[in-house]
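Please read them with the structure open.

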Amino acid sequence: MSLQPAPEEQPAHRAGTVAIIGRPNVGKSTLLNRLVGCKLSITSSKPQTTRLRVTGIVTRDDAQIVFVDTPGYQTEHRTSLNLAMNRSVAASLQETHAIVWVVEALKYDGRDETVAKLLPHGVPVVLAINKTDTVQGQDRLLPFIDGLSRRHAFAAIVPVSAAKGSQITALLDEIVALLPEGPPLHGADALTTVSERVLAAELLREQLFRLLGDELPYSTTVEIERFRQDGRVRHIHASILVDKEGQKPIVIGRQGAKLKTIASRARQDMERLFGGSVFLEVWVKVRRGWADSGAALKRLGYDA
């Protein structure tokens, strides 16, 4: 009688929700896009670009992770919009199996301390030190990492570069180890739980941050008035909302050139993400006080 070796036991499948948090402009959205492998969350060089919770789903053979990219926690401006964004961050932390706290390499200040105070007890935290590709002399990271390790009992600390894609697999491995055992939460092909309507509004709003001046994007938002799909063609009618009459011609530009560029770039991003043609019409409208109007924020999809 021959003895057959016992089959290797397969590791249990894990699944759960993970919140990505941090102060504005540390690269949370870029990190989410890198983790998922496609552009879901909008980015720009300006802080506070992200306003809504955007989910990104990573499916591996051994796990499925539902990441939630939260807005940067606001400490300076107290509009109804910013308060709604802060509530979104707090809610995400209460509905998660683990947290990825993103800080910028060699740059830790009072705004990060404010985020640290939000970390709930009993939820494991992975510290992702981002933008390591910008550090001259990697030995400078060691004392920085050591100092942060003394501030919180992190489950892991992973230096990463979301822009370059370094250490992303290592970060995923650390996160998976923290998730509960269980079946996938979504289909294997799912990338997000966010509707195409919301994604379209965000991609258009991204171009406002990229193509307008330093201050104007914060006074604007996007409302999708109609969204219809006919086969592989999506017909989208959107309005860019500004707070003051004098802002409208700035968005439109001379002979409509600025608005044409904004719409054209947003349409191209939508077609790449949706995998089909997009017919996009965009108008600019004045809606005074929208950022401090509970009714307007609710209509626009914010938790006012």
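The numbered points go from the whole chain to its sheet and then to its cores.

1. This is a predicted model, in which local features need pLDDT of at least 70 and side-chain atom pairs count only at pLDDT 80 or more, while totals for chains, interfaces and linings use all residues. Residues are numbered from 1 along each chain as its sequence is written, and side-chain values use heavy atoms, with hydrogens and water left out.

2. The chain holds 9 helices and 9 strands (DSSP runs numbered from the N terminus: H or I of at least four residues for helices, E of at least two for strands). Its radius of gyration, taken over C-alpha atoms, is 21 Å, close to the 19 Å from the globule rule for 304 residues, so the chain is as compact as a globular protein of that length. The rule is 2.2 Å times the number of residues to the power 0.38. The C-alpha trace spans about 85 × 50 × 35 Å along its principal axes.

3. Of the 304 residues, 48% are buried (under 20% relative accessible area, with a 1.4 Å probe and protein chains only). Among contacts (heavy atoms within 4.5 Å) between residues at least 6 apart in sequence, 71% join residues at least 24 apart.

4. An open sheet of 6 strands runs in the order β2-β3-β1-β4-β5-β6, with mixed pairing (strands pair if DSSP finds at least two bridges between them). The edges are β2 (54–59) and β6 (156–159); each has a single partner strand, so one side of each lacks a neighbour in the sheet.

5. β2 pairs with β3 (residues 63–69) in the antiparallel sense over 6 bridges. Val 54 has Asp 69 in β3 as its bridge partner.

6. Helix α1 (residues 28–36) packs on the sheet and touches β1 (14–21), β2, β3, β4 (98–104) and β5 (125–130); its direction makes about 30 degrees with that of β2. Helix α4 (residues 141–149) also packs on the sheet, touching β4, β5 and β6, at about 155 degrees to the direction of β5. Axes here are lines fitted to C-alpha atoms, for helices over the stretch in contact, and angles run from 0 to 180 degrees between N-to-C directions.

7. Which residues have the most contacts inside the largest nonpolar core? They are Phe 67, Ile 240 and Met 270, in a core of 56 residues. Such a core is a set of buried Ala, Val, Leu, Ile, Met, Phe, Trp, Tyr and Cys residues joined through side-chain atoms within 4.5 Å. Helix α6 (residues 196–211) gives the most to this core, with 7 residues.

Key. Buried < 20%, exposed > 50% of the residue type's maximum accessible area, 1.4 Å probe, protein only.
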